Amino acid sequence: MSRTVYVNGHYIPEEKAKISIFDRGFLFADGVYEVTSVLNGKLIDFEGHAKRLERSLNELDMDHPVNTEELLSIHRELVSRNNIEEGLVYLQVTRGVADRDFAYPKSASPTLVMFTQAKPGLSNSPQAQTGIKVISIPDMRWDRRDIKTVQLLYPSMGKMMAKAKGADDAWMIEDGFVTEGTSNNAYIVKNSKIITRQVGHEILNGITRRAVLRFAAEQNIDIEERPFTIEEALEADEAFITSATTFVTPVIEIDGTVIGNGQPGSTATALRSIYLEESLKAAI
Ligand code: PMP
């Protein structure tokens, strides 16, 4: 069945949706994106994603295509037209269409594209029960990972490297320390304390990360925001990742070494259920 997607003000069937070959998103990866998950037909932490989008656009001097209110109504319209119960809404803004030139065009208007992906069972994925295996790879991305750009080739390569080794994902290493996962934030737990890298230009400031750390603090779980090494992770009691579409997912193996007892840890499991419960309550 064909989806209804959104392109620059129009709701159209996906097979009719077209973008110019001169779009700077296509030519220069000159674009930013957000992914908001949908549970029970409602948006999880829309406000967080809308704010981060605004920040990404500002950091790149890119025009805002619509205001937050309009953005919300497009999200809701797509969820409703495509009958999404569990899944996600993807949105991408590019600097727009202009003759090819490295310098930003003076008079391009931004392109806004949005579509849904149905993912039945998203909140109850097998990986939440079994945990995932990760490998470590060098972090070869640019230095502004706090901006959520569509330059996703290296994360794609990282996931393929993981797959080739029989793992599910990769954690990236820079100057000896873990930055983050290819599409998620990375955490370890040692002696009941959560350790995760502090935000900065080196990692994406995850919307899920912020919520999960807030819930952890409310549960009086200690949190240390600092870089950690893979060696420290191998000695941890637990490890896990967070992202909008994986929520909290346990990591049970790193570079072939079993973490803890090789089962999803109690902290990750508890945080996942609190995150899902609280996020559903606040969903709009
Ligand atoms: N880091 C990276 C590199 C990511 O791509 C993502 C997900 N887009 C995250 C972290 C997690 O961010 P969020 O919780 O906002 O999905």
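Guide: A pocket is an open set of points on a 1 Å grid over the protein atoms alone, where a 1.4 Å probe fits, with protein on both sides within 12 Å along at least five of seven lines. This is a predicted model, in which local features need pLDDT of at least 70, side-chain atom pairs need 80 or more, and totals for linings use all residues. Residues are numbered from 1 along each chain, and side-chain values use heavy atoms, without hydrogens or water.

Visitor: Where does the ligand sit?

Guide: A molecule sits in a pocket if more than half of its atoms lie within 2 Å of the pocket's grid points. For the ligand, the place is the largest pocket.

Visitor: How far from an oxygen atom of the ligand is the polar side-chain atom of T208?

Guide: A polar contact here is a pair of N or O atoms within 3.5 Å. R52 places a polar side-chain atom 2.8 Å from a ligand oxygen, and a polar backbone atom of I207 is also 2.8 Å from a ligand oxygen. For the side chain of T208, the distance is 2.6 Å.

Key. A polar contact is a pair of N or O atoms within 3.5 Å; within protein, one must be able to donate a hydrogen and the other to accept it, and residues adjacent in sequence count only if both atoms are side-chain atoms. On a 1 Å grid over the protein atoms alone, a cavity is a set of points where a 1.4 Å probe fits but cannot get out, and a pocket is an open set with protein on both sides within 12 Å along at least five of seven lines; lining residues have an atom within 4 Å of a point.
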